[in-house]
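Look at the structure before reading on.

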Amino acid sequence: MKPLRWRSFCLTALFLGFCSNVGWAGQVRTFTDVQGRQISAELLSHDGNGTIELKLSDGQVFNVPVATFSLEDQTYIQEFVKKNPVKLDYNFEVQSSSKKISGTRQNLGYKVVKSELWSYEVVVENRSRDTVGDLDVEYRTFTVNEADGGFVESDLSLVGLRFHTGQAKVKGPLRYNQRETFVTNPVRLDSVDYDYGYSGDRHKDSLRGLMVRIKDSAGNVVHEYVSPITTLKDKTWDSIPKELEAKE
């Protein structure tokens, strides 16, 4: 395979017509670049990060960026990618930390009501030697609703638990030990402090962890993360009842 540093020269040669129609025993296509120049070649593979391999009639193989080609060819390449997902060694380290976004406070005399928005900052680190990218992320942010006394008791270990769904993208490319960060959608946490004159009482919502699923371009789950918090201990994505999803 020709090294990438020769790509510019090789592409120029290719699109100037230094090749004829390929008679190789594979699916051959006439590709057109953004300048209207054409080559005939077989699409061999892709790396999952916007580069494909083309094979000419003389057996030469070139790495070519997908963006080099016309929109019609890019659509063809996208279909090829879907049908031929790249086989990568996915291995991630995921870390999460909660952070307060904003907050308000109302003193109503007999009670003080606080409302705060909180999110998780999530860091995804590639621990594989393969370069990865174009990854879809699904996540669930878990809260316990105690400020208004609302509970779900389908499981004693899940009393009051709700989860809020969201999506993110790890675009990459991520090489070994490289990281990408995303922030989950904010969730509202309320607290109510009652003042009865002789005693007080508090009801407070709280964050109770995060679940993350990372999917490849074909939609396969390649990694699942559960934050190390007691509420979610021994829980998995599929073990959480769907009725616990927050409706608001």
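## The whole chain

The protein chain has an accessible surface of about 14300 Å², and carbon and sulfur atoms hold 46% of that area. Such areas come from the Shrake-Rupley method with a 1.4 Å probe, and for residues only the protein chains shown count as cover. The model is predicted: local features need pLDDT of at least 70, side-chain atom pairs count only at pLDDT 80 or more, and totals for chains, interfaces and linings use all residues. Residues are numbered from 1 along each chain as its sequence is written, and side-chain values use heavy atoms, with hydrogens and water left out.

Two helices and 13 strands occur in the protein chain; these are DSSP runs (helices H or I, at least four residues; strands E, at least two), numbered from the N terminus. Of the 248 residues, 40% are buried (under 20% relative accessible area; exposed is over 50%, partly exposed in between; 1.4 Å probe, protein chains only).

## Helix α2

The buried residues of α2 are Asp73, Gln74, Ile77 and Phe80. They lie on the same side of α2, because their arc around the axis is only 115 degrees (taken from the directions from the helix axis to the C-beta atoms). The face turned away from this buried side carries the exposed residues Leu71, Glu72, Lys82 and Lys83.

The buried residues of α2 pack against β1 (28–32), β2 (38–46) and β3 (51–55), where contact means heavy atoms within 4.5 Å.

## Strands β5 and β6

Strand β5 (residues 92–107) pairs with strand β6 (residues 111–126) in the antiparallel sense over 15 bridges; pairing requires that DSSP finds at least two bridges between two strands. Arg105 has Lys114 in β6 as its bridge partner. Three residues lie between the strands of this hairpin, and Gly109 takes a positive phi near 90 degrees.
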